[in-house]
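Here is my notebook for today. I wanted to look up one residue first and then how the two chains meet.

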Amino acid sequence: MATKLPKTDVVIVGVGWGGGIIASELTKGGLSVVGLERGKERKTEDYYMVHDELRYALRYEMFQDLSRETITFRGNEKIKALPMRSYGSFLLGDGLGGSGVHWNGQTFRFLPYDFEIKSKTIERYGKSKIPDGMTIQDWGITYDQLEPYFNKFEKMTGISGDENPLGGKRSEKYPTPPMKTTPGMKMFSDSCKGLNYHPYHMPSANLSEQYTNPDGIARAACQYCGYCERFGCEYGAKADPVVTVIPVAKNTGKFELRTHSNVRRILHKGGKATGVLYIDTTTGEEYEQPADIVVMTSYVFNNTRLLLMSNIGKPYDPKTGTGVIGRNYAYQVLKGAGVGFFEDKEFNIFAGAGSLGMCIDDFNGDNFDHKDLKFIHGANISYSQTGARPIQNNTVPPGTPTWGKDYKAATVKYANRHINVGAQGSCMPFRHHFLDLDPTYKDEFGDPLMRITFDFEDQDRELVKFMGAKCGDILKQMGADKVVANTELAPYEITTYQSTHNTGGVVMGSSPDTSAVNNYLQMWDTENLFVIGASAFAHNSGYNPTGTMGALSYRAAEGILKYHKNPGSLV
Amino acid sequence: MANETEEQDLKDHKEPDHSRRNFLKNSGYAVGGLIVGGVVGSLLRSPNKSTTNNNNNGNTTEKAPANEAVNFNQALMHFTQEQFLIMEAATERIFPADDNGPGAKELGVAYFIDHQLAGEWGVNGREYMQGPFFKGETTQGYQGRLKRREIFDIGLQEMQNYSNKKFQKKFKDLTPEQQDTVLKAFETDEVKLTTISASGFFKTIFGSTMEGAYADPLYGGNGNMAGWKLKNFPGNQMSYTKIIEQDKFEKMQPVSLREHLPHS
């Protein structure tokens, strides 16, 4: 029998970016918030030994322990889903700050096109442009409505950047100037200009200079140490929840953080959430935390899984295309890429930062004509210098033997003599891509694992063909002696790392028939339950998701404060 | 708790940390007395020792105490001696000594793999190992019930068996060319195994070899940071702000994680 704890105003499930933003905004607004985090406490001092490629990048120090909980995967409904036994395709976050601690800090705004994708695609190309089975939809919000919240997230994190010449209109400049420009970035930029594209610095949460944000949080400048992705920042330079929003929440005295607290069910009665049931993983004891408002702020998979396990919302049914929980799962399409080899030039690519790069949006969203193309949307194309660490940096020209003397010689020769240009392809939802509960495999508590049914489509293959060629063109223009462009996309597989940009499952929209939450991320049918995260994305854009996810979190926080004063539907 | 211990260790320590002090000074990290960022703050309060130069003037080398001439790390936690000798020979063929520099044997790669197998990685400690087990599609990844230690035990025995059968000698006693033939037979699944995948096993030892060549030397491989030196990889430096925009390639003496702890 679970121990019932005293009621709080708000309980949040998961303390990463979503949870941190909600906690800071609501506690500043005077509400009492309990934050339940299944992982451990984290702080900057933990990263004294962080420059360790083996421990952090290859043994996955900061990620979810898969022996306790993983996901299952199948390419389509005819195949039996099997567990992801070890890491590959994506890396799940764990612990205070969640994935927000080990991200690269590439902080984009989705394009105006993204939020009205269906209307705008039909308007420009006609209905027939959307293939059978593709379930794109407008998000129930416009870019202009979301702009102030993008601004808020960028100011809190201190994003360093210059204006995207092809992006949505900005009300203010980025709070800090762009990151430094490396020789490779300059070459990329010159090459793109030569091709009449519009290069700009990748917007970065790594901080180009010391910065104090509107909450009074001061952070130091990035040192370009080359250990960002998969690592925590030993300087606190990279914006993460632990060095930005969480201390703000704590300082109000209204935030109670409980780590090692794994939420197993959202409790509800008569169409209202009443609290959550969680396990203290250090003792195995069960607790009930009652609350007036419940905010789910865990990753895409757990947001969806907890709703399904708690019987909240109508589960998505791929046969009829009805139901909403688990709908519109999407990913990222990254195989359109090129590598250029330079015989006589060595780059200091061991140095870098997670969001140190140049990029273009000439082939992103609907910034280019798709009339004669067999895909919609596109990709942000970039050169980024994130730090070429030696175990994983073994790029060699095709035809090189796979091991032995010649392989070794080639890896040594090209270690600092190559440049990668890649396209971060958008990913459209399809009727037969979805999340549901696995019928066979269980987590450490005996609860069903999340099951992913997903594969790449013709849309994705066409996109990769197009983007790979563009990446190759840019590298040729950069003067590489040998350019290898990848234009092929094999079936989706779970074993090699691609991207931790999983989206959907609890998507937002303007109708309860096709979305689980409204544009304040409030559940349509459980008004005191909010579901925050990239789980709200109705599709995934050609960008990293965190900027848009952060903006939606700020808007949700505003909605929750409104709801607390005046309960009911916010739309 | 760990932090208090660390603080105490640092307090007990006597020598000033020149590299970190210089780093802080040169990088302008402490701005007008305001120190931002936790780790750097604690460095300023409690200096620790470093014998390695972080500032790249190229003339400071590591001074190892005399008693470190013997490397006590070079003993076995998991492998039998026979397994170790196969592993050492195989990794040397995958990553041989050449004009560029040392190979896997000199770097200590087989010790690295032994030590890794003895720990969490060897028993798939943080991986999902619950049944039921099904074969699955290749897109679904490894679905076996064997743990890495067991796979290595089987794989190394099969390498020995194949060597004995084909060349009537143990793997370690084969010529380098014959050893390559054996490895190639595993890589291409020419060797038919029933319990494990031959090519899967080859991939695992290949991956482990690269890890052992290039991981921080604290794990037993990458001896004397010679793996890093091969690639002109500078290891674990505090900052690259000074060279990040520079056109010229910068060669530096690498720094390992050992320099981030006090050693008396």
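I began with A:D366, whose side chain makes a polar contact of 3.0 Å with that of A:H370. By polar contact I mean N or O atoms within 3.5 Å, one able to donate a hydrogen and the other to accept it, with residues adjacent in sequence counting only if both atoms are side-chain atoms. A polar contact of 3.0 Å also joins the side chains of A:D366 and A:R124.

A note on the source: this is a predicted model, where local features need pLDDT of at least 70, side-chain atom pairs count only at pLDDT 80 or more, and totals for chains, interfaces and linings use all residues. Residues are numbered from 1 along each chain as its sequence is written, chains are lettered from A in the order in which they are written, and side-chain values use heavy atoms, without hydrogens and water.

Is A:D366 buried or exposed? I found it buried, because its relative accessibility is 14% (buried is under 20%, exposed over 50%, with a 1.4 Å probe and protein chains only). A:D366 lies in the loop between strand 15 (357–360) and strand 16 (379–384) of chain A; strands are DSSP runs of E, at least two residues, numbered from the N terminus.

Next, the interface: 80 residues of chain A are in contact with 84 residues of chain B, contact being heavy atoms within 4.5 Å.

I also looked up salt bridges (a Lys or Arg side-chain nitrogen within 4 Å of an Asp or Glu carboxyl oxygen). There are three between chain A and chain B, and B:E211 meets A:R59 in a salt bridge at 2.7 Å, N to O.

Definitions and conventions
Helix = DSSP H or I, 4+ residues; strand = E, 2+ residues; numbered from the N terminus.
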